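Here are my notes on this model, point by point. Have the structure open while you read.

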Amino acid sequence: MITVENLTKSFVGASGPVNALNGVDLNVQAGTVLGVVGPSGAGKSTLARCVALLERPDSGAIRVDGTDLVSLGGTALRAARRQIGVVPQGDSLLRQRTAAGNVALPLEAAGVAGPQRRTRVAELLDLVGLTDKADSYPDQLSGGQRQRIAVARALAASPSVLLADEPTSALDPETTGSVLTVLDRARAELGVTVLVVTHDMGVVRRICDDIAVLEQGRVVEHGKVLDLVADAGSRTAASLLPAVDQNPAADSAHDRVADVVLVGFAAVGALLPEAASRFGVELNLLGGGLTRLAETPVARFRVGLRGDRADSALEWISDAGAAVQRTPKGPQGVAA
Ligand SMILES: Nc1ncnc2c1ncn2[C@@H]1O[C@H](COP(=O)(O)OP(=O)(O)O)[C@@H](O)[C@H]1O
Ligand SMILES: [Mg+2]
């Protein structure tokens, strides 16, 4: 468990002081993947660098399993740093070392003996699916393969936290997938807590359990992705759910109109037809669609209902755990 409390950090920029972090609070459960998103300049990298103990915050605390890392120095600080593996922003491999040689670096620095080192490097190359590239040099690898080697290197010393700053920013969609798969495996197979900094909501869509949205050095939204998508007003819902095209004519042809967010196989598959048959109402899908967040199917539909018991049907859908937001119907907003 990582908690960040009231973290502040300012820099002296060319045109005066810049408050990169303005009191950031966060908590991340062990074994989850947190996506830190936000526009350029929001403070994402500064936050990541502070959590990695590469940068000292001006104030605040960073607790990993209760210990405040900001207060540490000397040997204790170095030990704490080993608990945090970092995949730096950009291309960070040493050009004159092979893939295996790059992965071995932190192990050499930690004084791990040759045979154990080779065993560990082999495990890590297997984890990132690049066993056959052990003897290749970075220039002989694709961008995605280089990033996977950087992840393997960050995991070499068996950290409990893995931090990746824009790990997919320079990659095409296909290669992005292979890097995200590796981050997901680190969590699933090693139980590592992953913080991934990204400006790409596609990364959140594919691997993140939790999300923190940063703007101007502040967390403006933070929580479980699957909770936030059910909140119609959230930024997470706005950027991850299928859009609902406005169709006033279709809306006004129904007694009730609502936007419904359904999360999980059972809800997506069965809730709406069951509501229609239980309450004897006609229920039509007027817009929206289906998507997938990591392994979970999620839908946002605009539904139109006809029948005397339309209100009861909507209430039942809501009681069954779906987020239901009624919309005023048609161009005149004729709410019945
Ligand atoms: N070393 C630095 N010196 C001066 N200003 C910095 C430094 N690092 C970051 N900043 C400033 O802090 C703000 C946040 O930067 P950063 O954390 O890199 O944002 P992000 O990663 O979200 O794009 C920006 O205004 C940036 O210019
Ligand atoms: Mg950045």
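Predicted model: local features only at pLDDT ≥ 70, side-chain atom pairs only at ≥ 80, totals over all residues.

1. A convention before the sheet: two strands pair if DSSP finds at least two bridges between them. Helices (H or I, at least four residues) and strands (E, at least two) are DSSP runs, numbered from the N terminus. With that in hand, look at L283, which stands opposite L305 in β13.

2. Residues are numbered from 1 along each chain as its sequence is written, while chains are lettered from A and ligands numbered from 1 in the order in which they are written.

3. On confidence (pLDDT is the predictor's confidence in each residue, from 0 to 100), the chain averages 92, and 98% of the residues score at least 70. The stretch to treat separately is 330–336, where pLDDT stays under 50. For those residues the model has ten contacts beyond four places in sequence, a contact being two C-beta atoms, placed from the backbone, within 7 Å.

4. Back to the sheet: it is open, with four antiparallel strands in the order β12-β13-β11-β14. β12 (282–293) and β14 (323–326) are the edge strands with a single partner each, so one side of each has no neighbour in the sheet. From one strand to the next, the twist averages 15°.

5. Two helices go with this sheet. α11 (residues 265–279) packs on it, touching β11 (256–263), β12 and β13, and its direction makes about 175° with that of β12. α12 (residues 310–319) lies across β11, β13 and β14, at about 15° to β11. Axes here are lines fitted to C-alpha atoms, for helices over the stretch in contact, and angles run from 0 to 180 degrees between N-to-C directions.

6. Which residues surround ligand 1? The shell is F11, G13, V18, A20, G38, S40, G41, A42, G43, K44, S45 and T46, counting a residue whose C-beta atom, placed from the backbone, lies within 6 Å. β1 (2–13), β2 (16–28) and α1 each give two or more residues, and α1 gives the most, with three.

7. α1 (residues 44–51) is itself mostly covered, with seven of its eight residues buried (20 or more other C-beta atoms within 10 Å of a residue's own, placed from the backbone). Among them are K44 and T46. Just after α1, L53 takes a positive phi of about 65°.

Conventions:
Buried ≥ 20, exposed ≤ 12 C-beta atoms within 10 Å, placed from the backbone.
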